[in-house]
Amino acid sequence: MNHTWIDLAYLVAAVLFIFGLKGLTRPRTAVRGNLTGACAMLLAVVVTLFDQQVLTYGTILTGIVIGGAIGAVFATRVKMEQMPEMVALFNGFGGVASTFVAGAEFLRTDDATTDVAIATAASGLIGTVTLSGSLVAFAKLAEFKFMKSVRPLPMSNVVNGVLGAIALLLCILLVSNPATDTWYWLIVVVALGLGYSLTIAIGGADMPVVIALLNSYSGLAAAATGFVLQNNVLIISGSLVGASGIILTKIMCDAMNRSLPAVLFGTLGPSAETKSADEVYTNVKSTSAEEVAMLLDVARRVVIVPGYGMAVAQAQHAVRDLANLLMERGLEVEFGIHPVAGRMPGHMNVLLAEADIPYDLLKEMDDINATMEQTDVCIVIGANDTVNPDARTNPSSPIAGMPIINVDKARTSVVIKRSLSPGFAGIPNPLFSADNALMLFGDGKEAVTDIINAIKEG
């Protein structure tokens, strides 16, 4: 193909990537934005294959068939609540792809220039850190049993610093002597350890931040690989992913009152002793669907706060039915969405959008907190750490200072949970034993359905 047409096609693909990202900023245009980005990637792949004058497509088609089959199985079988760990896996796959592609191109070239050697070292380092870090994040999110016995490395900050220094030294050696392939593989080995040690120290409650950061890493690795291959569209797309991931990481850090350096150096997580569950849960009052229906019968304003428990129970459609029923009876109903509710950014928004809940009913944390004291009944479905008042009132709590939805300030709070088990932060929630709180124990979907039936029965 003529290089002018190739560059023009890459430009079109880059523009489509930008429009795709813009579409993803709003739920109403998210599907279109996703399709736009997919079309951009298809165009980039096809043009690249023609540009490189690939004569035999057997291996490529085999990879497409195998990868497409795996993707189709995941798409049809993975449940919505498992999407966070899938996103972590995707980040890891993107990172290792960059590592392999950049490494293969580097090994194929006998006389790599300094800029190519720098890009190769960056791709190998960032891509491999993304791989091992994403695998750890996946295991934490999937709550594998063996992860409960895995502890952070002793003096983890020192270990991270030593591994980082070694990785930097190996990168310098690679750039100064690109003819020695061994340096690249040593970078990969050290980076595997660095990614593990950085991520293993991060608490489960901070996984939304980690996912956003790893997403940024995968984009940066792809951009570095683009410099190795001298492929403009890969540089542009990787830079877009890297930049958007960093911005999202900053937003998530602000939402959890964490600092970006703390994320980068893997120092997030519980850091203080807290009261035991027996000490906190001294005044827990359980309720029934019939009692909740009686509360809603005299309420004027209701706020529903979803959490990960709603995702596990797949209760979003039942929640939609409850909201519609209450609004038909003249009640004001809104949803309070915490930025890091669930296990990835936007998790609750995706679930509620899937249930066709109008987006104008979804209120951000600051907006819903401003009206919480005027709320008659606040129904919490599976949320825990994001509604824990210890973050606001207890300076010694591991989540102290984290912005929360002030559910405890509503006139009555109804918490739907299977049990009093802690959230990802691993600490008890004093909301559950507050004077104005009632616990409705059970599966989220079944509990909401029981409330609907009780309302209809009067």
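Visitor: Among contacts between residues at least 6 apart in sequence, what share joins residues at least 24 apart?
Guide: This is a predicted model, and its contacts can be sorted by how far apart in sequence the two residues stand. Taking contacts between residues at least 6 apart, the share that joins residues at least 24 apart is 80%.

Visitor: Why can the protein be called as compact as a globular protein of its length?
Guide: The protein has 18 helices and six strands. For 458 residues the globule rule gives 23 Å, and the protein is as compact as a globular protein of that length because its radius of gyration is close to that value, at 25 Å.

Visitor: What percentage of the residues of the protein count as buried?
Guide: A residue is buried when its relative accessible area is under 20%. By that cut-off, the buried part of the 458 residues is 47%.

Visitor: How many residues of strand β1 are buried?
Guide: Strand β1 covers residues 301-306 and is mostly covered.

Visitor: Which residue of β4 stands opposite valine 302?
Guide: Strand β1 runs parallel to β2 (residues 332-337), joined to it by four bridges, and in β2 the bridge partner of valine 302 is valine 333. β1 also pairs with β4 (residues 377-381) in the parallel sense, over five bridges. In β4, the residue opposite valine 302 is valine 377.

Technical notes. Residues numbered from 1 in each chain as written. Predicted model: local features only at pLDDT ≥ 70, side-chain atom pairs only at ≥ 80, totals over all residues. Heavy atoms only, no water. Helix = DSSP H or I, 4+ residues; strand = E, 2+ residues; numbered from the N terminus. Rg over C-alpha atoms; globule rule 2.2 N^0.38 Å. Buried < 20%, exposed > 50% of the residue type's maximum accessible area, 1.4 Å probe, protein only. Contact = heavy atoms within 4.5 Å. Pairing = 2+ DSSP bridges.
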